[in-house]
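Me: I would like to go through this model with you. Could we take the helix geometry before the packing?

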Amino acid sequence: MIFTKHSNAFRWIIIIASFAIVSLILWKTYEFFQHFKDEERTKMENWSLAQNEFINSDNTANLGLTLQILNSNKTTPMLVINEDGSLGSHNNVDDTKIKDSLYVKKLILKFKEENKPIPVKLGNIIVSTIYYGNSPLLNKLKYYPLALLLIVFLFGAVIFFFYSSNKNATQNKLWSGMAKETAHQIGTPLSSLIGWTELLKTENVNPDYIVEIEKDVERLKTITERFSKIGSLPTLKETDIIKETIESYDYLKARSSKLIDFELIIPEGEIPVNLNKQLYSWVIENLVKNAIDAMKGRGKLSVEISQLENNVKVSISDTGKGISKKNFNKIFEPGFTTKKRGWGLGLSLTKRIIEDFHNGKIKVLESEKEKGSTIQINLKRAH
């Protein structure tokens with residue numbers, strides 16, 4: 001318990017520290033972006049001053065530095081628009097499109113959104129206006145925080161899936177360990193019961209009693225085998241799924257309320273499927289018992305087997321209270337139950353047996369409140 005508390009605290013420390021580091025990086029990136037943007041603004045203001053000096057000067061012989069400044073802009077896209085609206089000059093703009101007036105207008109609007117225009121004056125009169133956009137480097141830097149957030153998100157997703165997989169693996173080990181231990185614990189008194197049964201046969205005991213005891217012993221053997229097999233990877237053998245379903249169906253029908261109207265719909269012939277008999281019978285038993293509970297011991301229960309090409313479908317339908325649509329997937333989660341009593345493990349075990357051990361699928365096919373539900377198993381036909 002102490003280790004768990006410390007682990008949770010350590011996990012929260014890592015999460016908070018990671019959030020703080022990412023926030024600091026994003027803030028520093030924003031500061032750098034603004035600083036770089038201010039430097040570009042200063043560069044363009046110097047360019048406008050050089051342009052102003054060039055316009056106002058009568059002697060171009062002494063304008064070496066001015067011309068050098070005017071020719072220094074190699075990256076920042078810009079347009080110089082004269083006061084009458086004509087294009088004065090341009091830098092780092094596509095020459096093939098600059099003759100298109102509509103393109104120029106769109107470019108001006110774009111540059112105005114990115115940066116405040118700079119006026120060029122002749123004395124106190126504005127003779128032209130410089131519109132400039134962000135340089136390619138600045139545009140790349142602008143999207144850097146988004147790229148960083150994407151990297152952080154992907155990194156977080158990897159950690160989450162790793163943690164989730166690790167947690168599932170731990171749960172599976174726990175499931176396996178508990179199943180094996182349960183099988184072992186049942187095995188000891190079961191061996192003793194078998195011995196006592198043999199001893200009773202030598203005594204003057206009603207044979208009918210012994211027959212019933214032997215039935216319960218066989219039932220305990222089946223339960224022990226189920227837990228033993230679910231605790232490890234079970235062996236699958238090609239089996240007639242119709243025969244196995246009928247056996248489970250008949251066993252449950254004989255031991256259920258007479259107020260339940262049982263119906264079995266099966267095709268003629270055999271349908272071979274790779275099954276583990278003990279675990280498959282457990283699945284049918286869980287689904288039928290759940291259906292009977294949903295009907296409160298009164299109603300109609302139908303078991304139907306059908307095949308479509310290479311798939312075999314087993315559907316268990318009832319006329320019970322139904323399943324809410326939001327719970328279609330939740331009912332297969334460990335611990336989920338709508339009953340006042342119960343651990344919520346039956347359907348989760350069923351899902352594990354069908355999907356993990358038999359490579360099949362199980363789902364709620366349909367359900368309507370107070371009218372019933374249908375749960376369907378989908379398995380591959382053996383070839």
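This is a predicted model: local features need pLDDT of at least 70, side-chain atom pairs count only at pLDDT 80 or more; totals for chains, interfaces and linings use all residues.

Me: Which residues of α8 are buried?
Reply: The buried residues are L279, Y280, S281, W282, V283, I284, E285, N286, L287, V288, A291 and I292.

Me: And what follows α8?
Reply: K296 follows the helix, and its phi is positive, near 55 degrees.

Me: Turning to A294, where does it lie, and what is it in contact with beyond its neighbours within four places in sequence?
Reply: A294 lies in helix α8. With those neighbours left aside, A294 is in contact with D318, G320 and K321. I323 is 29 residues from A294 in sequence, with a C-alpha to C-alpha distance of 9.3 Å.

Me: On to packing: which residues touch the most other members of the largest nonpolar core?
Reply: They are I241, L287, L301, V314 and I377, in a core of 38 residues. Helix α8, residues 277–294, supplies the largest share of this core, nine residues.

Me: What does I377 touch, not counting residues up to four places away in sequence?
Reply: I377 touches V283, L287, V312, K313, V314, I354, K361 and I362.

Me: Which residues does the second, separate core include?
Reply: That core has nine residues, among them L79, L107, I108 and F111.

Notes: Residues are numbered from 1 along each chain as its sequence is written. Side-chain values use heavy atoms; hydrogens and water are left out. A nonpolar core is a set of buried Ala, Val, Leu, Ile, Met, Phe, Trp, Tyr and Cys residues joined through side-chain atoms within 4.5 Å. Buried means under 20% relative accessible area, exposed over 50%, partly exposed in between (1.4 Å probe, protein chains only). Helices (H or I, at least four residues) and strands (E, at least two) are DSSP runs, numbered from the N terminus. Contact means heavy atoms within 4.5 Å.
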